[in-house]
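Here are some exercises to work through with the model open beside you. Try each task first, then compare your steps with the solution.

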Amino acid sequence: MRLPRGGVVDRSKILNFTFDGKAYQGFAGDTLASALLANNVKLVGRSFKYHRPRGILAAGSEEPNALVELRTGARREPNTRATMVELYEGLEAYSQNRFPSLKHDFMAVNGLLSPVFAAGFYYKTFMWPAKYWEKLYEPLIRKAAGLGRNAGVADPDVYEKAHLFCDVLVIGAGAAGVQAARDAAATGARVVLCDEHPPREDAALEGVKYLPRTTVFGVYDGGTYGAVERVADHLAVPQAHQPRQRYWRIVAKRSVLASGAIERPMVFTNNDLPGVMLAGAVETYITRYAVAPGARAVLFINHDGAASVLAAMGNSVMAIAAVIDARAGSSPVIRDLAASFSVPVFAGAVVTRAFGKRAVEGVEITTRDGGVVKFDCDVVAASAGWNPAVHLTSHLDDKPVWKDEVAAFVPGKLPPGMSVVGAAAGEGINAGITPLWAVPGADGKAFVDFQNDVTAADIRLAKQEGFIAVEHLKRYTTLGMATDQGKTANVTGLALMAAATGKTVPETGTTRFRPPYTPVALGALAGPHRGKDFKPTRYTPTHAWAQAQGAVFVETGMWLRAQYFPKAGEDWLAATNREVLAVRNGVGICDVTTLGKIDIQGPDAAIFLERVYTNSWTNLAVGRARYGLMLREDGFVMDDGTTARLGEHHYVMTTTTANAGKVFQHLEFCHQWLWPELDVRFISVTDQWAQIALAGPKAREVLQKIVDDGCDVSNAAFPYMAAGEMRFCGGVKGRLFRLSFSGELAYEIAVPARYGNALAEALMAAGAEFGIVPYGTEALGVMRIEKGHPAGNELNGQTSAHDLGFGKLLSKKKDFVGRAMAARPALMDPARPTLVGLKPVNEADRLRGGAHLLAHDAEPVAANDQGHVCSAAYSPTLGHSIGLALLKNGPARHGEIIRVYDPIRNGDFLAEVVPPVFFDPQGSRLHA
Amino acid sequence: MLEAEIFPFVATAMVTPEPVLPLVSLAAFHGQTAALQAALGVALPLTPKSVRVGETLYLWSGPDAWLVVGGAVEALTTPFAAMTDQADGRSVFTVSGPHARDALAKLVPIDLHEQVFADGATALTLAGHIGVQIWREGEAFRLACFRSFAQSLYASLIEACREFED
Amino acid sequence: MRITCPHCGERGLQEFLYHGDATVMRPRDGGAEPTQEWTDYVYFRDNPNGAHRELWYHNAGCHAWLVVTRDLRSHEILGVEAAHDVALRRSA
């Protein structure tokens with residue numbers, strides 16, 4: 001019930017909300033939990049395994065029971081702790097894990113079967129008969145298990161990521177944290193203060209960046225911290241341009257952990273009934289929210305810290321039936337305070353059980369002399385002491401240490417730069433404590449871990465079955481494995497295992513805490529990097545032109561490349577076939593900007609190329625280009641490309657699109673680490689130059705129309721593999737390379753990227769009389785397969801030079817990267833899968849990449865696998881499907897009929913092994 | 001002559017797409033940094049800083065490497081360094097205004113506070129997932145990325161500045 | 001993890017790419033034969049329980065290769081040098 005006075009809620013702002021469809025009111029400043037308690041709503045959920053009625057246990061982020069489903073529609077979110085939900089107008093919340101209703105939950109029958117569902121249940125049941133697993137057990141378990149349900153539709157909110165640098169990061173804005181922040185700011189340091197609760201006036205300090213609603217969830221190496229700011233969780237809908245949450249990556253030279261302490265519940269029979277709460281939480285509800293969780297309370301404690309709870313209750317309208325102090329003589333602090341409120345103190349007594357139907361109605365105690373007394377009450381405020389919130393101190397694998405005087409773990413070795421203050425350091429807590437981990441006789445209904453329904457009896461069972469190591473205890477009983485990560489359970493569970501095995505707590509150890517401290521939404525970690533913004537998109541310099549031509553684009557790494565240019569009524573195949581035929585019979589243009597271009601200059605440039613490529617470079621003349629093959633040091637092919645010599649000490653290397661970055665990294669590795677004495681520099685010019693391939697029998701005729709007067713591009717002046725500077729379209733300085741991937745007479749024209757679109761248009765205009773077409777990566781791919789050029793599918797990191805028919809390119813005269821290991825006999829074994837072409841015997845059959853190759857009469861088992869199809873396409877030039885494949889002993893088997901086996905796609909037919917060059921094997925078109 | 005493409009980026013209060021500027025990358029050959037400096041008549045920065053000479057800005061861009069913004073070296077040839085035109089290889093954006101640093105904090109993983117990134121400072125780093133060279137000119141920041149990333153970088157900058165622009 | 005690039009200053013892990021062991025040296029015999037020395041260089045690595053020297057590449061920064069001395073258990077970075085400088089000293 002709401003108290004008439006006090007609290008920091010704003011009574012002038014009334015907020016309407018619903019819980020399970022019923023309407024209630026609260027005040028601004030309430031949490032959902034405090035507002036429910038103010039309305040005398042005690043039952044808020046059903047427990048995970050046994051579906052027992054549960055109420056609110058705590059007041060902070062350690063809450064294990066009050067997990068609600070918040071909001072509806074696309075923003076619906078499960079498993080939200082009611083104690084951390086700031087109330088807002090129109091809030092809708094629903095209880096979880098119950099059917100058909102919270103009050104009458106059919107699954108409560110699980111409680112009757114609790115002996116079956118004891119610890120280890122998962123490992124002992126649903127095993128036999130095994131054949132029922134998929135059809136019966138799994139669907140059953142899925143229906144019965146789990147907490148909460150996903151919204152199932154796309155999240156409409158946006159999230160942000162941001163970086164923050166500071167000298168001092170203070171974690172926690174309680175009294176100790178605020179003092180630490182104030183002191184640090186006074187030295188002129190850059191201070192950040194994070195606190196998981198809503199904004200508090202006393203934390204808004206001069207010279208301090210204060211981040212309320214922000215949980216520091218993880219400590220990482222190098223002084224890095226992860227934090228999540230709940231920017232708009234307290235609003236029905238985020239404001240315009242507001243993210244829902246923000247993930248902060250904080251780099252701090254030092255940090256101060258002022259995270260306070262988390263209270264331990266008392267363990268007794270039915271200690272999970274709604275109305276049994278942590279004593280400190282009762283105090284918080286009274287003092288901060290002006291809410292009494294009930295009318296008549298019993299206080300069950302074992303230390304002097306609970307005095308403040310007694311005072312808060314005593315000064316409110318709550319009646320206090322008794323103080324049950326487990327300590328033999330209680331203490332003067334408690335006795336005097338209780339006397340001042342005329343409340344009896346039972347020293348050396350324990351609550352043995354609570355009773356009530358769906359909320360606590362009374363308790364039974366055992367006195368020091370063994371007598372039994374009953375009390376009526378609707379609140380049990382229980383505290384077995386406080387555990388310093390040391391989690392963050394152990395994220396880097398350091399362990400907390402046990403301190404007997406406070407019967408709690410305190411920070412041990414700390415992460416570099418971190419200091420701990422206040423209750424988190426074990427200061428000012430558990431005065432005069434006598435540990436009581438569970439009330440003697442606590443049975444199968446005395447809960448240790450509320451969220452995962454783990455009882456004191458489960459811990460005894462684990463010990464009985466030999467799971468006594470703390471890591472086994474955790475995994476066997478699931479203690480500490482729920483979304484609350486055992487914040488109110490771990491130490492108690494550990495201490496009970498210690499007692500059961502006759503060891504001390506420090507001997508028994510502690511499980512490791514790992515980030516995140518509280519659950520973090522995946523959206524926050526993703527920030528803006530979702531959907532199409534998951535990675536950046538790179539556009540070619542002819543993108544606008546291609547779009548205007550109706551291109552369909554394909555993602556190639558981060559690039560968008562024109563894949564094909566469909567005319568009205570064409571699908572991808574029709575467009576591609578038309579483009580291929582148009583190029584081979586006339587002329588076409590294709591953007592090839594995306595292939596990596598690396599500018600290489602320096603006195604030792606040629607020597608450097610000799611060492612990174614397998615073939616020879618010192619004899620390449622200025623004005624010429626050459627194909628180059630690059631190996632990894634283990635002898636496998638890494639990449640290929642063409643490198644042109646533009647000047648005495650000036651080269652431009654091309655790479656495949658996919659490997660541009662990797663090759664650049666490799667060149668820098670060789671230059672900086674392997675041969676630092678070579679004088680050579682590199683820079684990427686992929687983006688500097690728009691590069692367009694002009695290919696087909698009419699290519700020269702088109703080219704002649706766009707090169708400036710005085711530029712000679714005749715076959716004599718500019719033969720196959722020539723390269724050099726050129727001027728185009730009235731003064732544009734560019735470069736011309738006579739290279740061909742298509743096997744046609746072809747050139748690559750490079751102009752500064754700003755002219756990419758305009759060059760494409762100029763080429764189309766110049767080529768109009770020849771029927772010029774734009775062609776995309778599909779047609780490009782068909783033509784290179786027709787010519788047997790290995791590309792990405794063949795350069796898959798598992799092929800050697802010999803596999804690809806490039807054995808002759810391995811120089812015998814010089815050192816190059818990969819030389820030694822490429823000479824391993826196993827890499828030169830002709831029995832290896834080696835490059836061949838494939839032609840279906842029945843021209844209607846379709847080759848597909850990935851299909852396996854077998855001898856025509858072999859049984860289709862793995863032992864008979866002789867290779868696979870790497871690249872396949874329909875060839876309009878030849879009128880049937882063709883493929884490039886790796887086949888054991890390939891080149892020796894031309895003419896053989898083999899079996900192409902593709903069971904997943906229902907392919908099983910015969911094909912002829914042929915040389916990989918299907919079209920113009922003499923290369924006569926290249927030299928036209 | 002061919003028509004040059006101008007990206008249709010709209011300038012906002014905080015984000016200004018810069019027009020194509022003369023840009024040249026310089027990478028000194030072994031032991032030739034001093035000779036290069038003498039040839040240019042410029043004390044090229046040897047740490048991540050920039051040096052302004054008239055209309056031209058010389059930005060440190062790696063060990064013995066610089067990015068020269070402005071026309072002074074366009075026509076130059078030198079035996080002491082590899083020179084490469086980058087006018088078309090980069091796109092440049094300016095982020096300005098009192099919240100420039102807060103907006104960039106969403107993208108750039110280095111400390112841009114004036115105490116550690118003062119006027120004349122520069123860095124090679126990331127903006128989101130895009131490699132950039134960032135430098136400070138007074139209260140404003142300039143970012144240069146590979147030209148093919150321009151649309152993505154522009155969109156990221158606009159998104160980062162959105163909350164401050166209303 | 002944060003690595004202090006000698007050129008750029010302290011940077012986060014996302015700016016770097018890990019390569020591997022910096023203590024193995026490419027044989028200087030010209031590579032005509034796949035000897036045991038070459039096999040060791042390409043494939044065999046120690047896995048010390050403590051400090052280790054390894055090569056990292058400042059991919060999203062200045063493109064310098066770095067030799068980083070790092071404790072493999074604690075991730076503590078004990079030292080960073082420009083690989084180019086280390087390589088020059090080695091060949092001197």
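Two residues are in contact if their C-beta atoms, placed from the backbone, lie within 7 Å. This is a predicted model, in which local features need pLDDT of at least 70 and side-chain atom pairs count only at pLDDT 80 or more, while totals for chains, interfaces and linings use all residues. Residues are numbered from 1 along each chain as its sequence is written, and chains are lettered from A and ligands numbered from 1 in the order in which they are written.

**Exercise 1.** Find how many residues of chain B are in contact with chain A, and describe that side of chain B.

*Solution.* Start with the count: 35 residues of chain B contact 40 residues of chain A. Next, look for the elements, meaning DSSP runs numbered from the N terminus, with helices (H or I) of at least four residues and strands (E) of at least two. Strand S2 (23–28), strand S6 (81–85) and helix H3 (150–161) of chain B each give at least two residues to this side. Finally, sort by class: Ala, Val, Leu, Ile, Met, Phe, Trp, Tyr, Cys and Pro count as nonpolar, Asp, Glu, Lys and Arg as charged, and the others, Gly among them, as polar. The side of chain B that touches chain A then has 14 nonpolar, 10 polar and 11 charged residues.

**Exercise 2.** Work out which element of chain A gives the most to the side that touches chain C, and describe that element.

*Solution.* Begin with the contacts: 20 residues of chain A meet 22 residues of chain C. Two or more residues come from each of H17 and helix H21 (819–822) of chain A. H17(A) gives the most, with six residues. By class, this side of chain A has seven nonpolar, five polar and eight charged residues. Now turn to H17(A) itself: the helix covers residues 660–674, and its 15 residues reach 20 Å from first C-alpha to last, close to the 21 Å expected at 1.5 Å a residue. Its buried residues (20 or more other C-beta atoms within 10 Å of their own) include Phe664(A), Leu667(A) and Trp673(A).

**Exercise 3.** Locate the two domains of chain B and say how they meet.

*Solution.* Domain bounds come from an automatic or database domain assignment. Domain 1 of chain B is 15–19 + 88–164, and domain 2 is 23–85. Their C-alpha centres lie 22 Å apart. Eight residues of domain 1 of chain B contact nine residues of domain 2 of chain B. On the domain 1 side, strand S8 (122–127) and strand S9 (130–137) of chain B give two or more residues, and S8(B) gives the most, with three.

How values were computed. Expected span 1.5 Å × (residues − 1). Buried ≥ 20, exposed ≤ 12 C-beta atoms within 10 Å, placed from the backbone.
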